[in-house]
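Q: Could you show me how to read a protein model step by step, giving the general idea before each case?

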Amino acid sequence: MAMTELQLAGEISNCSKRKGALTDLKSPCNKVVCNQLKVEQDFENFHRPEPWIGRLSSARVLFISSNPGLSIDQGPEREIFPVESWSIKDSAEFFVERFNQKHDPVYATYNHPKEPNFLTRSFDGEYRSGGKSPKTPQKTWSGIHKLATELLDQNCSPDADYALTEIVHCKSLMAAGVSEASGTCATQWMPKILETSPAKVLILLGAKVRDNFAIPFLNAPKDFAITNGSIYSAMSQKERALRDIFITNYEGKNRLALFNWHPTSMETRGLSTAYGENVVTWVKDLIDGRIKLPPDNMELRKELSAKF
């Protein structure tokens with residue numbers, strides 16, 4: 001029997017590998033877990049692994065990134081976030097209800113009556129983004145929302161319509177330790193995450209997801225999403241669509257996977273810019289159930305070619 005969203009959030013936030021990895025230099029999780037030592041000295045104040053943001057169980061689109069970033073804010077400006085001293089139950093409730101604007105207090109803002117979108121609550125009760133401009137929406141979340149509106153609608157919400165998960169759930173600065181931990185973390189948690197998610201479409205964000213998840217786990221083509229030099233910018237929308245959109249049968253369920261730049265990248269591009277309006281409309285029709293996913297990648301290429 002599949003776990004509930006709340007149960008899965010609790011399990012991931014309480015991953016048994018993280019504490020041992022602090023002292024086990026041979027652990028693939030050592031680098032990512034120890035990165036928090038740059039900010040926290042006491043394990044009880046370590047941020048727990050973050051399962052996802054958004055409402056996984058109802059997400060029609062699932063975004064997949066590398067790992068959550070680690071905030072260096074301390075004192076009253078520090079984000080309220082589950083740490084080791086929190087119970088598993090309270091941690092799970094936080095992650096599942098994070099964008100629920102009816103929750104008291106609101107953990108993260110979206111369509112908040114007083115605050116800008118995509119801010120998190122601090123210990124002093126203020127809402128901040130954790131950046132130099134505290135009332136500017138958090139860049140990753142804001143960028144992913146813009147991508148979500150391309151595939152859903154302008155009124156889509158992270159509390160109902162889409163979610164963001166990562167191949168590594170422990171936080172770190174500048175994605176430290178992701179390459180080392182990705183095989184272990186994705187093997188342990190991604191099957192359960194995708195079993196819980198009904199999303200027909202996966203948006204794979206950035207090179208770390210390409211190298212550490214899309215190719216080794218999802219069986220993406222070997223040249224999938226190669227972006228170095230002028231290769232990507234020189235490609236036509238059709239060439240990108242035929243190379244960087246594919247069907248994955250990961251864990252026995254066919255889903256459509258698309259590459260896009262990570263929202264914090266200097267070269268962030270929207271899906272319409274990368275693949276064209278006709279392809280985006282076709283993906284929207286798939287999400288909304290107006291069309292069916294082709295049975296294999298050969299048929300997918302025919303469908304995509306017809307959009308140009």
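This is a predicted model: local features need pLDDT of at least 70, side-chain atom pairs count only at pLDDT 80 or more; totals for chains, interfaces and linings use all residues.

Q: Which residues touch the most other members of the largest nonpolar core?

A: A residue is called buried under 20% relative accessible area, exposed over 50% and partly exposed in between, using a 1.4 Å probe and protein chains only. A nonpolar core is then a set of buried Ala, Val, Leu, Ile, Met, Phe, Trp, Tyr and Cys residues joined through side-chain atoms within 4.5 Å. Here the largest such core has 87 residues, and F63, L204 and L256 touch the most other members. Helix 6 (residues 178–196) gives the most to this core, with 8 residues; helices (H or I, at least four residues) and strands (E, at least two) are DSSP runs, numbered from the N terminus.

Q: Which residues of helix 1 are buried, and what covers them?

A: In helix 1, which spans residues 5–13, the buried residues are E5, L8, A9, G10, I12 and S13. Their cover includes helix 2 (17–21), strand 1 (52–54), helix 4 (88–96) and helix 6.

Q: How many aromatic pairs does the structure hold?

A: Rings of Phe, Tyr and Trp (its six-membered ring) pair if their centres lie within 6.5 Å; planes under 30 degrees apart count as stacked, over 60 as edge-to-face and the rest as tilted. The structure holds 17 aromatic pairs. In one of them, the ring centres of F99 and W141 are 5.2 Å apart with the planes at 70 degrees, so this pair is edge-to-face. Because F99 lies in the loop between helix 4 and strand 3 (120–121) while W141 lies in helix 5 (residues 139–151), the pair ties together parts that are 42 residues apart in sequence. Both F99 and W141 are buried. F213 and Y250 also form an edge-to-face pair, at 5.9 Å centre to centre and 80 degrees between the planes.

Q: Why does F213 count as buried?

A: F213 counts as buried because its relative accessibility is 0%.

Q: Where does the charged end of K171 sit?

A: A charge sits over a ring if NZ of Lys or CZ of Arg is within 6 Å of the ring centre and within 35 degrees of the ring normal. The charged end of K171 sits over the ring of F81, 3.6 Å from its centre. F81 also belongs to an aromatic cluster with W86, F94, F95 and Y107.

Q: What does the side chain of N67 reach at 3.0 Å?

A: A polar contact is a pair of N or O atoms within 3.5 Å; within protein, one must be able to donate a hydrogen and the other to accept it, and residues adjacent in sequence count only if both atoms are side-chain atoms. The side chain of N67 reaches the backbone oxygen of C170 at 3.0 Å, and a polar contact of 2.8 Å joins the side chains of N67 and S172.

Methods
Residues are numbered from 1 along each chain as its sequence is written. Side-chain values use heavy atoms; hydrogens and water are left out. Contact means heavy atoms within 4.5 Å.
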